Amino acid sequence: MVYDLIVIGTGPGGYVCAIRAAQLGLKVAVVEKRKTFGGTCLNVGCIPSKALLAASEKFAEADHALAGFGVIVDKPRLDLKGMLKHKDETVAANVNGVAFLFKKNKIETFIGTGLIKKAGDVEVTGEDGSKQVLQTKNIVIATGSEVTPLPGLAIDEKQIVSSTGALELGKVPGKLVVVGGGIIGLELGSVWRRLGADVLVVEFLDHILGTMDGEVARQFQRMLEKQGFEFLLGHKVLKAEKSGAGLKVTIAPAEGGNEIIRDADIVLVAVGRRPFIEGLGLEAAGVATERGRVVIDDHFATNVPGIYAIGDVVRGPMLAHKAEDEGIAVAEILAGQHGHVNYEVIPSVVYTMPEIASVGATEEELKAKGIAYNIGKFPFTANGRARANRQTEGFVKILADATSDRVLGAHIVGAGAGEAIAELCVLMEFGGAAEDLARTCHAHPTLSEAIREAALAVGKRAIHI
């Protein structure tokens, strides 16, 4: 059997690539090292974390928010085992769904570790050590990423945990130290803060959320502080040592200075992820890499004919939906079509409460490029539906080119922001202007009216502020 395509890795990029290629008539196989499909995202990342975020938000709502609606309940009791069961059931439904889609699309599956022997040959080593070589016309590397380790913090997934261990804690920690103020740290910190943990976030930079819009990051930090988060910005964690049943965490200013010792029950290492390319045989196969990432051209091709790469192992943001778009694009290219990805319209979402959603440029990026822009902002405090929902934290911010009015970036902080950002993505995909959005009728009363008002505000004609 010679396949048209073998995809190594079945995360969002890999499984979507395989399915699209099969839809286009290619004979496809996938190689997956886990016993279940879906990669990090479905097994120990996006999906289980969102299940716990949703469950913990309901717990927090019952504990703090229902009385404001005139709903009086006894103080809720946490069934952590039940919450984790919900998470596991969610994961199972998703990974089983991918397995079903593979069967539906007649995609052959091989469980084991993939090694590229050369262009056209993939060796699969099973759990029992058995080996088989598969032949193919094309290979797509979609092996995703892994947790970036931090010197001085040896992850044991019990007391010093990665995101994987943070999804499996047997009890709510009294004190949780989160190392890293990015999306993963803030999301998982939110889960355990809602359930009763004291959460300290230690961030090396002088702000949270990395390259997100500065105004968004500053305001969001204040919202988290109101929820009980504590932040040490411009600091780094040097080490964590066992002390009785807990840990002593040594923290120092990033620029040097006096050390701080803080107690912790759990330390979550969330300083980012790095491409997973170990053991693929890339060097022997002649595949070029740079700073740990596979080098590709505009058509996802490596320097070796017949070998392609997508997702976290290549340039660009490490986002599941970015990998999916790349998977579809490369499948279409292999089938003789013209797949492409618009990297200017890749949204990013922080699934806390309130949520943050962004697409396109930040103010800082526009200023750095010397692009003149206009800003339209609208707060949810002035939105009728948000008041009715008692979800008035946050705002919508739209950045439009000062000359053409084309929307260059959009940022939403608020309940449901992750869903709402899609409207801005569609607008930007079609090169739309703020005026186009401002002229589009939105149902009343809805949270989406705040988006229209922000578009109106670009032209200094918002109605409700």
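**Salt bridges in a predicted model**

Good morning. Asp-263 is partly exposed, with a relative accessible area of 41%.

Lys-248 belongs to strand β15, residues 246–253, and Asp-263 to strand β16, residues 260–264, so the bridge ties together parts that are 15 residues apart in sequence. Lys-248 is likewise partly exposed, at 32% relative accessible area.

How many salt bridges does the structure hold? The count is 26.

Let me turn to another of them, between the side chains of Lys-397 and Asp-213, with an N to O distance of 2.9 Å. Here Lys-397 sits in strand β25, residues 395–401, while Asp-213 sits in the loop between β12 and α7; the pair therefore links parts that are 184 residues apart in sequence. Are these two residues buried or exposed? Lys-397 is buried, at 0% relative accessibility, and Asp-213 is buried as well, at 1%.

My last pair is Glu-332 and Arg-20, whose side chains meet in a salt bridge at 3.1 Å, N to O. Glu-332 lies in helix α9, residues 320–334, and Arg-20 in helix α1, residues 12–23, so this contact ties together parts that are 312 residues apart in sequence. With a relative accessible area of 17%, Glu-332 counts as buried, because the cut-off is under 20%.

Thank you for your attention.

Note on methods:
Residues numbered from 1 in each chain as written. Predicted model: local features only at pLDDT ≥ 70, side-chain atom pairs only at ≥ 80, totals over all residues. Heavy atoms only, no water. Salt bridge = Lys/Arg side-chain N within 4 Å of Asp/Glu carboxyl O. Helix = DSSP H or I, 4+ residues; strand = E, 2+ residues; numbered from the N terminus. Buried < 20%, exposed > 50% of the residue type's maximum accessible area, 1.4 Å probe, protein only.
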